[in-house]
Amino acid sequence: MSALIPFGRNEHNLFSYLDDMEKSLFGDMGAGFGQFRTDIVDRGDHYLLQAELPGFDKKDLHIDIQGDELCISATHDEKSEEKDDQGRFVRRERRYGSYRRSFDISDIDTAAIDASYQNGILELKLPKKAPVADV
């Protein structure tokens with residue numbers, strides 16, 4: 001009955017030991033995947049937004065504007081399989097990740113936004129709106 005207790009750490013099998021060994025060697029690499037890192041630099045007439053998204057294809061990135069909000073989302077879907085000489089699985093792993101960040105762009109000229117993606121870095125040039133002169 002104790003094996004049915006949720007969130008228990010009472011698993012004593014080979015896979016648990018291997019998982020613990022991997023974490024001790026490489027750390028818990030999956031723990032920091034909640035958001036992607038982003039830098040925003042003020043360049044005077046525009047902001048330069050740089051988002052670190054290594055390992056993604058361009059087709060996996062989506063930039064959406066709704067009102068005064070810019071959303072960057074990325075989806076990663078990876079599968080790997082290893083089979084023995086008889087076609088039986090020896091190892092089969094699947095990994096899926098989805099990331100999303102939103103930014104306020106109320107002072108940005110949305111029609112003039114420029115984007116590029118190279119070497120795992122998404123760059124957005126966000127031109128500032130021209131200041132409105134008081135009459």
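**Contacts, charges and folds**

Analyst: To begin with one residue of this predicted model, Asp 109 touches Pro 127, Lys 128 and Lys 129 when residues up to four places away in sequence are not counted.

User: Where in the chain is the place of Asp 109?

Analyst: The C-alpha atoms of Asp 109 and Leu 126 are separated by 7.1 Å, although these two residues are 17 residues apart along the chain. As for its own position, Asp 109 belongs to the loop between β5 and β6 (114–118).

User: Is Asp 109 buried, partly exposed or exposed?

Analyst: A residue counts as buried under 20% relative accessible area and as exposed over 50%, with partly exposed in between. Because the relative accessible area of Asp 109 is 34%, the residue is partly exposed.

User: How many helices and strands does the chain have, and in what pattern do they follow along the sequence?

Analyst: The chain has one helix and seven strands. Read along the sequence, these elements give the pattern α-β-β-β-β-β-β-β.

User: What share of the residues in the chain is buried?

Analyst: The accessible surface of the chain comes to about 10900 Å², and 49% of this surface belongs to carbon and sulfur atoms. Turning from surface to interior, the chain has 135 residues, and the buried share of them is 20%.

User: What percentage of the contacts with a separation of 6 or more comes from residues 24 or more positions apart?

Analyst: The contacts considered here are those in the chain with a separation of 6 or more. Within that set, the part that joins residues 24 or more positions apart is 49%.

User: Is Asp 104 buried or exposed?

Analyst: Asp 104 and Ile 65 are 39 residues apart in sequence and 10.0 Å apart in space, C-alpha to C-alpha. For accessibility, the cut-off that matters is 50%, since a residue over that value counts as exposed. Because Asp 104 has 58% relative accessibility, this residue counts as exposed.

User: Which residues are linked with Lys 59 in a network of salt bridges?

Analyst: Lys 59 forms a salt bridge with Asp 57, in which the closest N and O atoms are 3.8 Å apart. The side chain of Lys 59 also meets that of Asp 60 in a salt bridge, at 3.6 Å from N to O. The residues linked with Lys 59 in this network are therefore Asp 57 and Asp 60.

User: How many salt bridges does a search of the whole structure find?

Analyst: Besides the bridges of Lys 59 to Asp 57 and to Asp 60, one of the salt bridges brings together the side chains of Arg 88 and Asp 84, at 3.0 Å from N to O. In that pair, Asp 84 is partly exposed, with a relative accessible area of 24%. For the whole structure, the number of salt bridges found is four.

User: What is the phi of Asn 119?

Analyst: Asn 119 is found in the loop between β6 and β7 (121–127), and this residue is exposed, with a relative accessible area of 76%. Although Asn 119 is not a glycine, its phi is positive, at about 55 degrees.

User: Which residues does Arg 37 touch, not counting residues up to four places away in sequence?

Analyst: Arg 37 is found in the loop between α1 (14–26) and β1 (38–42), and is exposed, with a relative accessible area of 65%. The C-alpha atoms of Arg 37 and Ala 51 are separated by 5.8 Å, while the two residues are 14 residues apart along the chain. The residues that Arg 37 touches are Gln 50, Ala 51, Glu 52 and Arg 101.

Technical notes
Residues are numbered from 1 along each chain as its sequence is written. This is a predicted model: local features need pLDDT of at least 70, side-chain atom pairs count only at pLDDT 80 or more; totals for chains, interfaces and linings use all residues. Side-chain values use heavy atoms; hydrogens and water are left out. Helices (H or I, at least four residues) and strands (E, at least two) are DSSP runs, numbered from the N terminus. Buried means under 20% relative accessible area, exposed over 50%, partly exposed in between (1.4 Å probe, protein chains only). Contact means heavy atoms within 4.5 Å. Accessible areas come from the Shrake-Rupley method with a 1.4 Å probe; for residues, only the protein chains shown count as cover.
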